[in-house]
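Here is a note for a colleague who is opening this structure for the first time. Please read the points with the model on screen.

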Amino acid sequence: MVFCRRYANPIGWRVLPSVTPMTIAVTSIASALFCAPARAADAVRGETLYQGCEDCHSIDKNDVGPMHRGVVGRVAGTIAGYAYSPALKASKLVWTESNLDKWLTNPQDLVPGTKMFFKIDNPQDRADIIEFLKGRAK
Ligand code: HEC
């Protein structure tokens, strides 16, 4: 939003003709209203989006892909009884939220040679899915 870029940028203040406490108050209220940061991750929405993963995954059973319960914080490629690609097994990655975000952006970029080919382009969708997975820790 143009408004946000102009007024949220501290340098922008210098070009304002006269910055009085009143203009500061008005513009900060306005920025609070119009420039709210991206909303927090939403596990409920994530659960719905997770249906897209269920072609291959479930929380409690290995399928085309490994089961997901407790995946956040786990070392990649360590679910017993699932035949991982050599690439993922050798990756030594830990599924932190940030690695999961990279993985869902493009698994092939994070772990070349993995056998997961599925991407989520929308950052909010990725955050919501990860939030849902966090809630399936136990
Ligand atoms: C078309 C099938 C398919 C879809 C859809 C899919 N995956 Fe996967 N996923 C796989 C396969 C296959 C693997 C195993 C990759 C390997 O061994 O290289 C995998 C592995 C993973 C892993 C690594 C788990 C571990 O134990 O190390 C995570 C995390 C993951 N997928 C998350 C997701 C999420 C979240 C979604 C939905 C947004 C999703 N996947 C959608 C096939 C899929």
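1. Start with Val 71. This residue lies in the loop between α4 (43-49) and α5. Helices here are DSSP runs of H or I with at least four residues, strands are runs of E with at least two, and both are numbered from the N terminus. Val 71 counts as buried because 20 C-beta neighbours fall inside 10 Å. The cut-offs are these: buried means 20 or more other C-beta atoms within 10 Å of the residue's own, exposed means 12 or fewer, and partly exposed is in between, with C-beta atoms placed from the backbone.

2. What does Val 71 contact, leaving aside its neighbours within four places in sequence? The partners are Trp 95 and Leu 133. A contact means that the two C-beta atoms, placed from the backbone, lie within 7 Å. Thr 96 is 25 residues from Val 71 along the chain, and their C-alpha atoms are separated by 8.9 Å.

3. A word on the source. This is a predicted model, in which local features need pLDDT of at least 70, side-chain atom pairs count only at pLDDT 80 or more, and totals for chains, interfaces and linings use all residues. Residues are numbered from 1 along each chain as its sequence is written.

4. Now the overall plan. The chain has eight helices and zero strands. Its pattern along the sequence is α-α-α-α-α-α-α-α. Of the 138 residues in the chain, 15% are buried. Take the contacts with a separation of 6 or more: residues 24 or more positions apart account for 52% of them.

5. Next, a helix pair. Helix α6 (residues 97-105) packs with helix α8 (residues 123-134) at an angle of about 130°, and their axes are 10 Å apart. That angle makes α6 oblique to α8. Axes are lines fitted to C-alpha atoms, for helices over the stretch in contact, and angles between N-to-C directions run from 0 to 180 degrees. Under 35 degrees counts as roughly parallel, over 145 as roughly antiparallel, 65 to 115 as roughly perpendicular, and the rest as oblique.

6. Which residues make the contact of α6 and α8? From α6 come Glu 97, Leu 100, Asp 101, Leu 104 and Thr 105. From α8 come Arg 126, Ile 129 and Ile 130. The residues of this contact divide into four nonpolar, one polar and three charged. Nonpolar covers Ala, Val, Leu, Ile, Met, Phe, Trp, Tyr, Cys and Pro; charged covers Asp, Glu, Lys and Arg; the others, Gly among them, are polar.

7. Turn to the ligand. There are 26 residues around it, and Cys 53, Cys 56, Gly 65, Ser 85 and Thr 114 come nearest. A residue is near a molecule or strand if its C-beta atom, placed from the backbone, lies within 6 Å of it. The shell around the ligand divides into 18 nonpolar, six polar and two charged residues. Helices α5 (86-90) and α6 each supply at least two residues of this shell. The largest share, three residues, comes from α6.

8. Back to the loop between α4 and α5, where Tyr 82 lies. Is Tyr 82 buried, exposed or partly exposed? Tyr 82 is partly exposed, because 14 other C-beta atoms lie within 10 Å. Not counting residues up to four places away in sequence, Tyr 82 touches Asn 62 and Pro 66. Pro 66 is 16 residues from Tyr 82 in sequence and 6.0 Å away in space, C-alpha to C-alpha.

9. Ala 83 also lies in the loop between α4 and α5. With 8 C-beta neighbours inside 10 Å, Ala 83 counts as exposed. Asn 62 is 21 residues from Ala 83 along the chain, with 9.4 Å between the C-alpha atoms.

10. Asp 55 is found in the loop between α4 and α5 too. Its 10 C-beta neighbours inside 10 Å make Asp 55 exposed. The C-alpha atoms of Asp 55 and Gly 65 are separated by 9.0 Å, and the two are ten residues apart along the chain.

11. Last, check the backbone at Lys 92. Its phi is near 60°, a positive value in a residue other than glycine. Lys 92 sits in the loop between α5 and α6. With 9 other C-beta atoms within 10 Å, Lys 92 is exposed.
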